[in-house]
Amino acid sequence: MIDRRSAAFVRLRQLADRPGGRRITPLFAADPHRAARFSVALDDLTLDFSKSSLDDAALDALFGLADAAGLDDFRRRMFAGAMVNTTERRAAMHMALRAPGDAGLRAELGGVSEDAGHLAAVERARMRDFVAAVHAGDKTGATGARFTHVLSIGIGGSDLGPLVATEALTLGRVDTPMEARFLSNVDGHAFLHATHGLDPARTLVLIASKTFTTLETMTNAQAARAWVAGALGEAAVPLHFGALSTNLPAVAAFGVTPDHTFGFRDWVGGRYSLWSPVGLSIALAAGWDKFQAMLDGAWAMDRHFRDTPLRQNLPVLLALVGIWHTNALGCANQCVLAYDDRLRRLPAHLQQVEMESNGKRVTLAGVPTEWDTCPVLFGEPGTNAQHSFIQMVHQGTRVIPVDFILAANPDHDRPEAHRVLAANAFAQAEALMVGKSEASIRAEMAAKGASQSDIDAIAPHRVAPGERPSNTILFKRLDAFSLGRLIALYEHKVAVQGCLWDIDSFDQWGVELGKALAGGILPQLTPGAAAGSHDRSPRGSHDGSPRGSHDASTHGLIARFRALRGES
C-alpha cells in the first residue's frame, strides 16, 4: 500500500503533467496579483518565487507533502536538540552557535542532553577575548611584532564557510584589522600561493580540524609549521599557531597551547561550522563586531524558521519550490547567481551545504528512495555568468532553475554600476521566463531588411523557449547581519528538503569512503614501498591496508604514477 509521502510525490508529478502545468507566463496573465501572492518577506529580505510554474493547487500539494513528512514535528525536534542526525546519533544544533547563551537551546549527545547555548557562549567569549588581544597587540609573534595576517588551514566546511564570509565582509575594504588567507587544497602549489609574500613573524596560523587528523589539513599544517619554525625557530610555534579542534592531545602534540585552542561539540557538522570557532578567521579579519552581527543575522533567520507558520516561512517556501522543480518537473540541476562580487564563492559553499547534506540515495530506514534527491548545484557571480554558462540555461535542452541574489544598495561609490548590475539580474530572470519566439524574431529580422534566406537560416538559432523558472532573493544591503541571515536561509532550506525526502541531511558517509581508501593507497606511493597486491576481480577487496587489493585500473595507475616519478 502506498504511504502518504509517496502519494504526495505522485500527486506533484500529476500536477506538473497537466496541460500547461510547466508553463509560467499564463499564470501571470491569469492573476494580476501573482507576484505579491507568491512572494514572502522577513523585514527587508524578500523571496519572490512567482517566476515558477507553481499555482495554488501545486502549492497546496507541496504543503500536503510537508504534512505527510511531518515537517512541523521535524522542525520542533531539531530545535529541541533531538537526535535528527540518526546515523551518527547526534543532534544538529548549529543554531546554538549563533543564539544568545540563555536562549535555552539544548542538544542530545551520547544519550545526554546538554545546554548547547551556554557551551557555545562560553567558547564564544574566549574567542572574543582572543581576537581583542590579537588586534590590540597584546598577543604577538615570536619577534614581538603584531600579527597582520591570519592563515586559515582547513578543508570543506572548515574552509568554504569562513572563506565566503571573510570575502563578503572584507573584499575591497581598507579598514580591516587583518588580512586573511585560506589554504585547503593539499596541492603544494596552493601552499605556495597562500604564503606568497607573507612574513612568518607577522602571521597567525589557524588549523581548523575537529579531529585534528584530516589528511589534507594536517599535511598543510605540517608544511606551515615547518615554514614558521624554519624562519623563527621551534619556540615560535606556540605563539604563531591556533587550533580549532576537539582533539586536545593531538593539538598539544603539535605544539598549540590551550589558550590558543578553541573547541566545539559533535552536534556541529563541518559544513555548519563557520558560526563556531572555525569562524575565528572571520572575526580576526573583519572584526568581532561584524562576526557577532553575522551570528545575529543567522539567529534572526533561525527564529523565523522556528516560529513562523509554514506558509509564510522563507526556508520552507524556498525548499518547496526546489522540491517542485526536482521531483515534479524533473530538474536535475540548480543554479545560484549572486549579483555581488563579494559573494563570488557563495555557490561553492552552497554546493557543500546542499550536495553533501542531501546527496543521499537511501531513506532514514536504509532503503532506496522512490524519488530523486539533491540536484547538482553550480553558480558564479552575475554578471560574469551571463557570458559563460547562462547560454545553456536560456537555450539548452535541460531546464535549470536559477536563484538570483541581489542587494538593493552597494557599498561603493559607483551607483551607476550597481544599477547596471541590478538591471542585468532582473532582465535575466524575466528573459528566462518570457523567452523569445521564432515568430517575433522573424518579424524583427524582416523589419530590419533581412533577406528571407537569412531569416530562415538564423531565426531558429535565436529562439529562447522561455518558461524557465527562477527565484529572486532581494534585500537592502549586503552586510554582516544580512550575510548571516542569507546563509542560514539556505541551511534551513536544506534541512527541510532532507525531511521531505526522508534522508539524513547531517551525515556524509560518502566523504568518508574516499578518505579511507586514500589512507590505504598513500603508503604505496612512498618511495621504496612495495607496489601492493593486484586483485583482477572486478571489484577488488579495498580493505584499507597498505597492501590492500585494488581494481586493475587503480593498480595500473599507481604503477604508472611511480614509473613516471622514477620510483618503480
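**Close-up views of a predicted model**

**Figure 1. Contact between helices H5 and H20.** Leu71, Phe74, Met78 and Phe79 of H5 meet His492, Ala495, Val496, Cys499 and Leu500 of H20, where contact means heavy atoms within 4.5 Å. Of the residues in this contact of H5 with H20, eight are nonpolar, one is polar and none is charged. Here Ala, Val, Leu, Ile, Met, Phe, Trp, Tyr, Cys and Pro count as nonpolar, Asp, Glu, Lys and Arg as charged, and the others, Gly among them, as polar. The model is predicted: local features need pLDDT of at least 70, side-chain atom pairs count only at pLDDT 80 or more, and totals for chains, interfaces and linings use all residues. Residues are numbered from 1 along each chain as its sequence is written, and side-chain values use heavy atoms, with hydrogens and water left out.

**Figure 2. Geometry of the H5 and H20 pair.** H5 (residues 71-79) and H20 (residues 480-501) pack at an angle of about 125°, and their axes are 10 Å apart. Axes are lines fitted to C-alpha atoms, for helices over the stretch in contact, and angles run from 0 to 180 degrees between N-to-C directions. Helices (H or I, at least four residues) and strands (E, at least two) are DSSP runs, numbered from the N terminus. The two helices H5 and H20 are therefore oblique to each other; angles under 35 degrees count as roughly parallel, over 145 as roughly antiparallel, 65 to 115 as roughly perpendicular and the rest as oblique.

**Figure 3. Buried residues of helix H4.** Ala58, Leu59, Ala61, Leu62, Phe63, Leu65 and Ala66 are the buried residues of H4, buried meaning under 20% relative accessible area, with exposed over 50% and partly exposed in between (1.4 Å probe, protein chains only). These buried residues pack against helix H1 (4-16), H5, helix H14 (314-328) and H20.

**Figure 4. Surroundings of Pro277.** Pro277 lies in the loop between strand S9 (261-262) and helix H12 (280-286). With a relative accessible area of 4%, Pro277 is buried. Neighbours within four places in sequence aside, Pro277 is in contact with Glu123, Met127, Leu244, Phe262, Gly263 and Phe264.

Figure 5. Phe212 belongs to the loop between strand S7 (203-208) and helix H9 (215-232); its phi is near 60°, a positive value in a residue other than glycine. Glu467, in the loop between helix H19 (452-462) and strand S13 (470-477), has phi near 55°. Phe212 counts as buried at 5% relative accessibility, and Glu467 counts as buried at 16%.
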